[in-house]
2 protein chains.
Amino acid sequence: MTTLMRDEIGEIPEIVERVLREGEPETREAATAVTGAGVRFVSIVGRGTSDHAAVYARYLVETMLGIPTGLAAPSVHTAYGARLDWRGGLVLSFSQSGEGPDVVAVTEAARAGGALTVAITNEPASPLAVAAEHVLLCRAGRERAVAASKTYVAQLVAVAALVSAAAPDRGLEGPLHGLARRLETAIEAGAAWLDGGGSPVGAFAEADRSLVVSRGFNLATALEIALKLKETGRSFADGYSTADLLHGPVVLAASDVPILAFRPPGPIAASIDEGLDVARRAGARVWTVGSRSSRAPAGEALELGDDLPEALTPIVYVVPGQLLAERVARERGFDPDAPVGLSKVTRTR
Amino acid sequence: MTTLMRDEIGEIPEIVERVLREGEPETREAATAVTGAGVRFVSIVGRGTSDHAAVYARYLVETMLGIPTGLAAPSVHTAYGARLDWRGGLVLSFSQSGEGPDVVAVTEAARAGGALTVAITNEPASPLAVAAEHVLLCRAGRERAVAASKTYVAQLVAVAALVSAAAPDRGLEGPLHGLARRLETAIEAGAAWLDGGGSPVGAFAEADRSLVVSRGFNLATALEIALKLKETGRSFADGYSTADLLHGPVVLAASDVPILAFRPPGPIAASIDEGLDVARRAGARVWTVGSRSSRAPAGEALELGDDLPEALTPIVYVVPGQLLAERVARERGFDPDAPVGLSKVTRTR
């Protein structure tokens, strides 16, 4: 059996190719504007899945461009009517539909107040695309499953291409162009992992509560897969930074609370292991995607792309997570394409 | 039976008095520095409970001072070694112990890079107090329960006093000085509510999963009480903005998932009700603290301080939430003072 969500995950490699190739002129133009504007701070806005693209973008902008960055709180504008001094700011707005009134309101206020504005959306004629000065398109085609998968990856690639063009010395350009092939591998390897002997599907399907963790760039991946497990499988999956986990929530770790960890190679791995070790001592069973630590049983770790710059790993790692959520939802008897009570476009103010 | 946590909640009114009275000179000095520095953006840093003080501070700074504000991601500095251009920035750092190496590292990097730095901590001789240019003390005395309660409220009051001094035309000064009395009332009314016929204690104690929601200023309260329910009661309590809830997690709403909502009067109430209505239609039972909506059965709503400026309600509303967490933990057979696997000072890097 297949689902729209599964089909749309399958479309990801070609969409990524398209974002990089067809989006190149608009990306270059936006990057020139960003580097020329003397940006002093960056504010990023998004809701739901797009908020996780925003989390990814903040790590990318701060580490690659060296500009202090934070996530916007839309209600500051829509509920409280605050008027901020936006001069010297760059606002990056994420919305797959481009229709969220709160995201549009922040973008309009920032542009009127003197910020440079860049929107990343799948809909070229949407209110958000009209509101922002620059638009980067996801080029993902219509997304029919309610739970976003392909548009999320397209958002990450679009912002990675923007940052790469603004900071060409950071070495992202070459690896970006190898992503489509890596994503094909991730889809195949992810599916094989979920079918294999160490598969996490059974444990996550049986558990009403689970943890999805990482730190740094892949905090975005953890938050996004926790949301996917919630939306499609109605499971209380909590997404956490392993650092925040140690500041309290690690008490939830137990044998009946499976943990999925996104663990890239590089400087963050030791910090992630520190959190996982505490959870394992409390009895938790941990599955990892990324670079396998010596503590993880081989079957329970999906090893992916050890030679990819860590800054690009969230684009690849999220895919096996999406596949897991889709499988867990079906296993739990839910239709991952049509979560009860959700609609494709959510219009919060 | 009583607990350290319950006793320390009882100390809150006198601590608030002390922060306002004894902290007045240091608050005035820091406010003068903030208004004189031509701050263009604010970055706020904290972990765990202190991260929720940071969430509160971001709403306060943006709505009262009109300066774009975001929360810092410590791993950008500690794991990735990014060097940001901090000129024109203000960094507010929250840590009750003042010992979190990651919070200290961000503060040191920001100060060295040209930012104005203000630390809010309970420990005057801590590394954080040394790292920051200005220090606002919590004056809460030693906190013996592992789960922070009184230091959290002290952090909120300290930053509210700072913002009030920096924006004296915003009308916070008078209400700030009435807080101690209101907090005494909140402790009494909260305890009576938990003992009353519409008490949420039973439902939250029986449930392994719950939701704690609000929006705007009290998003901080929702996140903090969800963390308290996790830490002390080992319950999967998820804290959400009602806007984010509608972007996915509302599918978790069900009759066996109790919801606690912090609902201030004012512009945000309608938006909170929108989320609660969807959850109620899915069968959820909702308890509210704050201003009662016409949808809430009287016994299940704790009405508090309708005439307080919304910007100060998180200081009062959190107290019944803390009392609830303490009671739920005991009801579930846990010692709220000593959660298994946690220590008072968490040193994440």
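How many salt bridges are counted between chain A and chain B? The count is 6, a salt bridge being a side-chain nitrogen of Lys or Arg within 4 Å of a carboxyl oxygen of Asp or Glu.

The model is predicted: local features need pLDDT of at least 70, side-chain atom pairs count only at pLDDT 80 or more, and totals for chains, interfaces and linings use all residues. Residues are numbered from 1 along each chain as its sequence is written, chains are lettered from A in the order in which they are written, and side-chain values use heavy atoms, with hydrogens and water left out.

**Figure 1. The interface of chain A and chain B.** In this interface, 67 residues of chain A are in contact (heavy atoms within 4.5 Å) with 67 residues of chain B. About 5500 Å² is buried between the two chains, and carbon and sulfur atoms give 59% of this area. Buried area is the accessible area (1.4 Å probe) lost by two parts on being put together, summed over both. Tyr80(A), Phe236(A) and His247(A) supply 15% of the area that chain A buries against chain B, more than any other three residues.

**Figure 2. The salt bridge of Asp244(A) and Arg47(B).** The side chains of Asp244(A) and Arg47(B) form this salt bridge at 3.1 Å, N to O.

Figure 3. His134(B) belongs to strand β5 of chain B, residues 134–137; strands are DSSP runs (E, at least two residues), numbered from the N terminus. With a relative accessible area of 11%, His134(B) is buried, a term for values under 20% (1.4 Å probe, protein chains only). Beyond its neighbours within four places in sequence, His134(B) contacts residues including Glu29(B), Leu116(B) and Val118(B).

Definitions and conventions. Helix = DSSP H or I, 4+ residues; strand = E, 2+ residues; numbered from the N terminus. Buried < 20%, exposed > 50% of the residue type's maximum accessible area, 1.4 Å probe, protein only.
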